[in-house]
Amino acid sequence: MRRLALVLPLLLAACHQEPSFDERYDKAAKEIDARAKAMDKDIAESEKAAKAAGGAPSGPAVAVEPGGKIPRTAPMPLPDTAKPSNAPKSSGE
């Protein structure tokens with residue numbers, strides 16, 4: 001009987017309810033938001049430091065069209081010192 005009196009409170013303490021989907025979602029959303037803000041802060045600080053150091057301007061080197069499309073340009077030829085290479089022929093096995 002004494003064992004039951006000692007074990008029963010332990011069993012009741014171990015039976016706690018798991019967090020609901022909404023609670024887990026809210027917690028994950030807060031963590032993601034905090035990480036995004038930290039990343040934005042780091043990026044802003046690094047851009048500010050680059051501008052202060054006289055680095056290259058940040059931003060795309062090529063104008064990006066609406067929708068994220070990068071306009072096509074003609075391919076640049078290889079320099080004369082570049083030698084094309086092909087894979088060795090397969091033995092067919």
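Partly exposed residues have a relative accessible area between the buried limit of under 20% and the exposed limit of over 50%. The legends below describe a predicted model.

View 1. The chain holds two helices and zero strands. Of its 93 residues, 0% are buried. The chain exposes about 9,800 Å². Carbon and sulfur atoms supply 61% of that area.

**View 2. Asp33 and Lys37 form a salt bridge.** A search of the whole structure finds one salt bridge. The side chains of Asp33 and Lys37 make it, at 3.5 Å from N to O. Side chains of opposite charge can pair when their charged atoms come close. Both residues sit in helix H2. Four residues separate Asp33 from Lys37, about one turn of the helix.

View 3. Asp33 has a relative accessible area of 39%, so it counts as partly exposed. Lys37 has a value of 54%, so it counts as exposed.

**View 4. Helix H2 spans residues 21-52.** H2 has 32 residues, and at 1.5 Å a residue they should span 46 Å. The end C-alpha atoms of H2 are 46 Å apart, which agrees with that expectation.

**View 5. Gly54 follows helix H2.** The phi of Gly54 is positive, near 80°.

Notes:
Residues are numbered from 1 along each chain as its sequence is written. This is a predicted model: local features need pLDDT of at least 70, side-chain atom pairs count only at pLDDT 80 or more; totals for chains, interfaces and linings use all residues. Side-chain values use heavy atoms; hydrogens and water are left out. Buried means under 20% relative accessible area, exposed over 50%, partly exposed in between (1.4 Å probe, protein chains only). Accessible areas come from the Shrake-Rupley method with a 1.4 Å probe; for residues, only the protein chains shown count as cover. A salt bridge is a side-chain nitrogen of Lys or Arg within 4 Å of a carboxyl oxygen of Asp or Glu. The expected span of a helix is 1.5 Å times one less than its number of residues.
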